[in-house]
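Let us take a friendly walk through a protein model, one region at a time. Have the sequence and the 3D view ready.

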Amino acid sequence: MIAHLFNAPIGEDETAIGVSTVGSSEAIMLAGLAFKRKWANKMKEQGKPCDKPNIVTGANVQVCWEKFARYFEVELKEVKLTEGYYVMDPKKAVEMVDENTICVAAILGSTLTGEYEDVKLLNDLLVAKNKETGWDVPIHVDAASGGFIAPFLQPELEWDFRLPLVKSINVSGHKYGLVYPGVGWVIWRSKADLPDELIFHINYLGTDQPTFTLNFSKGASQIIAQYYQLIRLGFERVC
């Protein structure tokens, strides 16, 4: 349902995948781990070192991005903000990208101002740089604040999986009311964007259950409440 909302290319040959999380903080940790592992696997295949990964963000990111970088040993390359422009400049972000960049993180709804970053321009500039260099640096969209606003109020805005380099998106379900606090989501464009080796398979309840989370035990009330509101209100009534 959320993958459809974010325009994932779901068809016979392409299937989006995602997990519920404890807010966007866990969602960002999981997305970052997927990018790091996929980048490391690629570098190993090419016989190159994979000990100095970096991630490019704006200096306006929420603290969870700093936590990810510090906890999982990824260099955080921040695009500095300027007077009158309080979000990440896509041109400056792409200039900071190198072969060790696991992804560029764009924000749909800055923590400081609520402003959307220009994900489409970032995508277009990064497509050109990847073509020029032979790299394949992807984009993650931190839509914690805007992920359940833009699809309903600005459906024409291109920020999601309609852009080819956007490989994963997180959203905070609890920022919009009518649900229990602490529900978040992370969606990957396709199964290929989430390395299989990060997924554990358990059968404690008698059947296979794939799991990719930082914690294990949590209640289902948050998921049920969010699902109920989405199916009860529908697209039109959410608007």
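Leaving aside its neighbours within four places in sequence, which residues is L33 in contact with? They are F68, F72, L198 and L214, where contact means heavy atoms within 4.5 Å.

Before going on, note that this is a predicted model, in which local features need pLDDT of at least 70, side-chain atom pairs count only at pLDDT 80 or more, and totals for chains, interfaces and linings use all residues. Residues are numbered from 1 along each chain as its sequence is written, and side-chain values use heavy atoms, with hydrogens and water left out.

L33 sits in helix α2. Helices here are DSSP runs of H or I with at least four residues, strands are runs of E with at least two, and both are numbered from the N terminus. With a relative accessible area of 18%, L33 is buried. For burial, a 1.4 Å probe is used on protein chains only: buried means under 20% relative accessible area, exposed over 50%, and partly exposed in between. The C-alpha atoms of L33 and T133 are 24 Å apart, and 100 residues separate the two along the chain.

F68, one of the contacts of L33, belongs to helix α3 (residues 63-71), where C64, W65, F68 and A69 are buried. These residues lie on the same side of α3 because they cover an arc of only 140 degrees around the axis; the arc is that of the directions from the helix axis to the C-beta atoms. On the face turned away from that buried side, α3 carries the exposed residues R70 and Y71. The cover over the buried residues includes α2 (23-45), β2 (54-58), β3 (75-79), β4 (101-107) and β5 (139-142). At the start of α3, a side-chain oxygen of Q62 comes to within 2.8 Å of the backbone nitrogen of C64.

**Spaces in the model**

On a 1 Å grid over the protein atoms alone, a pocket is an open set of points with protein on both sides within 12 Å along at least five of seven lines, a cavity is a set where a 1.4 Å probe fits but cannot get out, and lining residues have an atom within 4 Å of a point. Strand β1 (17-22) gives the largest share of the pocket lining, four residues, and β9 (209-211) supplies at least two.

A search of the whole structure finds one cavity of 30 Å³ or more. The largest cavity holds about 30 Å³ of space, and its lining is made up of S20, T21, V183, G184, K218, G219, Q222 and I223. At least two lining residues come from each of β1, β7 and α7 (221-238).

Note on methods. A polar contact is a pair of N or O atoms within 3.5 Å; within protein, one must be able to donate a hydrogen and the other to accept it, and residues adjacent in sequence count only if both atoms are side-chain atoms. Grid points are joined across faces, edges and corners, and a volume is the space filled by probe spheres set on the points.
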